[in-house]
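Open the model in your viewer and keep the selection panel at hand. The stops below go from the whole chain to single residues.

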Amino acid sequence: MSLTNAMSGSPTQTFRACLAHWQAMPGAFKVGSIILVAHVLFALLGVFWTPYGFAQMGTGMPLSGMSWLHPMGVDQIGRDVLSRFMHGAHIVLLLALAGTTLGMLAGTTLGLVSGYLGGLFDEIVQRLVEAMISIPFLALALVTIIAAGPALAGEPALIVLVVGLVYAPRIARIARAASMEIATREYVAAAQLRGEGTWSIVLREILPNTANVLLVEFSLRISYAPILIGALGFLGFGIRPPTPEWGLMISENRGLLIASPVTVFGPGLGFASLVVGLNLFTDGLSRMLGQRSVVGA
């Protein structure tokens with residue numbers, strides 16, 4: 001019995017079908033999903049409740065270490081590290097999701113249209129894409145932030161724009177390759193004979209048939225996004241203090257690694273578990289959809 005048919009049956013049948021469907025999924029997908037759900041729940045908790053205010057000073061003796069009142073210790077100016085860590089969880093997730101979504105929208109649109117039209121337009125777009133891809137992630141991000149000027153420095157919108165700009169060319173290259181393959185199919189030729197325009201063909205014929213490839217690409221890019229965001233925060237180009245973005249927390253407390261290592265380990269383990277969860281989810285998703293993710297592209 002398929003999952004769709006079981007959903008219209010009794011609650012017992014629905015539960016059994018969902019359970020069987022879950023058991024049939026790749027192990028990496030299941031583990032990654034559990035880790036990501038845990039991060040989302042933790043982030044939601046941090047939005048509505050933390051033991052102390054994330055910028056509240058004097059919550060305890062500075063560098064007093066772990067205790068029942070401060071499980072992750074207290075930083076050098078008396079702020080509770082656990083409260084800052086909890087509040088920062090949703091910031092990392094939202095920035096990663098928003099930035100990757102922006103890059104996906106821009107890159108997918110450019111890549112699909114370029115691959116379908118070909119010719120001079122495709123040639124110009126690909127030269128620009130190759131030029132941007134030749135610049136390392138972090139270097140392109142830093143140049144963009146510096147070019148934006150001090151007025152926008154530290155703004156979440158700028159970080160989202162930077163992540164989107166960094167990812168868009170790489171996504172465009174994948175989308176173009178998929179579009180060029182689909183553009184030769186008979187149903188695309190039939191749409192052209194019906195007199196449909198470029199946007200209609202791209203949206204109705206090409207986009208739905210490249211959805212699997214683009215979905216895997218989205219999950220791959222979002223698994224890299226926390227690393228980029230954390231690196232920017234660590235270097236002082238991320239969210240403006242005292243907002244507790246995890247990369248910024250590591251940067252603020254790196255000098256305390258000997259005196260109070262727990263203040264650094266918390267955000268570090270948060271980043272590590274999030275990236276591992278996203279990578280496992282991406283690997284499992286690519287197996288389920290029969291796609292191969294291009295690692296490091």
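Select the whole chain: of its contacts (heavy atoms within 4.5 Å) with a separation of 6 or more, 70% join residues 24 or more positions apart. This is a predicted model, in which local features need pLDDT of at least 70, side-chain atom pairs count only at pLDDT 80 or more, and totals for chains, interfaces and linings use all residues. Residues are numbered from 1 along each chain as its sequence is written, and side-chain values use heavy atoms, with hydrogens and water left out.

Colour by pLDDT, the predictor's confidence in each residue, from 0 to 100. The chain average is 87, but residues 293–297 stay under 50.

Switch to cartoon view. The chain has 12 helices and zero strands; helices (H or I, at least four residues) and strands (E, at least two) are DSSP runs, numbered from the N terminus.

Next, select residues 246–253, helix H11. Are its residues mostly buried or exposed? Seven of the eight are buried, where buried means under 20% relative accessible area, exposed over 50% and partly exposed in between (1.4 Å probe, protein chains only). Among the buried ones are Trp246, Leu248 and Ile250. The buried residues of H11 pack against H3, H4 (81–117), H10 (211–235) and H12 (262–289).

Finally, go to helix H3 (residues 27–48) and pick Phe48. Phe48 counts as exposed because its relative accessibility is 71%.
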